[in-house]
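User: I am new to reading protein models. Can you take me through one, term by term?

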Amino acid sequence: PTRLTITSWLPLGAVRTYADFADAVDRTAPAVVSIYTSTLEPIFDGTQSAPGEPFRLYRLIARPSEGSGVILSEDGYILTNHHVVYQALNISVALWDERTIPAHVVGTDPATDLAVLKIDLDGLPVAPINPEARLRVGDVVLAIGNSLGLSHTVSMGIVSAMGRNNLAIDDDLDHVDIYRAGQGELPALLA
């Protein structure tokens, strides 16, 4: 099973039919973004830049990466994972309406693998969140994100465990395990 750190879970009521899944996705998908980053990474080279010059052992290359996030405020605050933006030189966010906007990091927490980004736009769609809902083992969850570079991919899973510790991440935190077929860490919503 894949361990998924939930970046956002959204209780959407009891699911009675498969159409309820589609309704949940319709309500949430506009607030899900794709995040594209680039970092500089040293690689072994072992070549000469010109005859007579010393051999270079390493050079830096731009390494692209991608992830997902969820818009939490109309004025452009986005929740994502720390590992998505860690050491990123450039960050851009692709919105539901296909606009791509530069973003900057407001803050990160490596221990929880969370990060907050900001884009300079107003009037954005916001993910529906019910702070009074309780996530429980056995709850069905849907994940919407940029899995394998495919924007707004939807997958489904189930909360298999909660409150685990001794995971070599940060023993003071509660963790939620979700078993699902999808790839990568995505914003999840509770169906």
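Analyst: Start with a definition: helices (H or I, at least four residues) and strands (E, at least two) are DSSP runs, numbered from the N terminus. By that rule the protein has 2 helices and 10 strands. Along the sequence they follow the pattern α-β-β-β-α-β-β-β-β-β-β-β. The model is predicted, so local features need pLDDT of at least 70, side-chain atom pairs count only at pLDDT 80 or more, and totals for chains, interfaces and linings use all residues. Residues are numbered from 1 along each chain as its sequence is written, and side-chain values use heavy atoms, with hydrogens and water left out.

User: What is the mean pLDDT of the protein?

Analyst: pLDDT is the predictor's confidence in each residue, from 0 to 100. The mean for the protein is 76. Of its residues, 68% reach 70 or more. Over residues 1–12 the pLDDT is below 50. It also stays under 50 over residues 170–191. Where pLDDT is low, the predicted coordinates should not be read in detail.

User: Why is T80 called buried?

Analyst: Buried means under 20% relative accessible area, exposed means over 50%, and partly exposed is in between (1.4 Å probe, protein chains only). T80 has a relative accessible area of 0%, so T80 is buried. T80 is found in strand β3. Its side chain reaches the backbone oxygen of S68 at 2.6 Å. A polar contact is a pair of N or O atoms within 3.5 Å; within protein, one must be able to donate a hydrogen and the other to accept it, and residues adjacent in sequence count only if both atoms are side-chain atoms.

User: Why is I43 called partly exposed?

Analyst: I43 has 21% relative accessibility, so the label is partly exposed. I43 sits in strand β1. The C-alpha atom of I43 is 7.2 Å from that of I61, 18 residues apart along the chain.

User: What makes Q87 exposed?

Analyst: Its relative accessible area is 55%, so Q87 is exposed. Q87 lies in the loop between α2 and β4. Its phi is near 60 degrees, a positive value in a residue other than glycine.

User: D113 is in a loop too. Is D113 buried or exposed?

Analyst: D113 has a relative accessible area of 15%, so D113 is buried. Its loop runs between β5 and β6. D113 is not a glycine, yet has a positive phi of about 55 degrees.

User: Why is L124 called buried?

Analyst: The relative accessible area of L124 is 5%, so L124 counts as buried. L124 is in the loop between β6 and β7. Contact means heavy atoms within 4.5 Å. Leaving aside neighbours within four places in sequence, L124 is in contact with I71, S73, E74, G76, L95, R99 and I119. L124 and P30 are 94 residues apart in sequence and 8.8 Å apart in space, C-alpha to C-alpha.

User: What makes a group of residues a nonpolar core?

Analyst: A nonpolar core is a set of buried Ala, Val, Leu, Ile, Met, Phe, Trp, Tyr and Cys residues joined through side-chain atoms within 4.5 Å. The largest one here has 19 residues. Those with the most contacts inside it are V93, L95, L117 and I119. β6 gives the most to this core, with 3 residues. Apart from it lies another core, of 7 residues, among them F21, V25, V32 and L142.

User: Which residues does V93 touch?

Analyst: Among them are V33, I35, I78, I101, L117 and I119, not counting residues up to four places away in sequence.

User: How do you know that β7 and β8 pair?

Analyst: Two strands pair if DSSP finds at least two bridges between them. β7 and β8 have 7 bridges, in the antiparallel sense. V141 stands opposite G157 in β8. The two strands form a hairpin with 2 residues between them. L148 in the turn has a positive phi of about 55 degrees.

User: How many residues of β7 are buried?

Analyst: In β7 (residues 140–147), 7 of its 8 residues are buried. Of the 191 residues of the protein, 39% count as buried.
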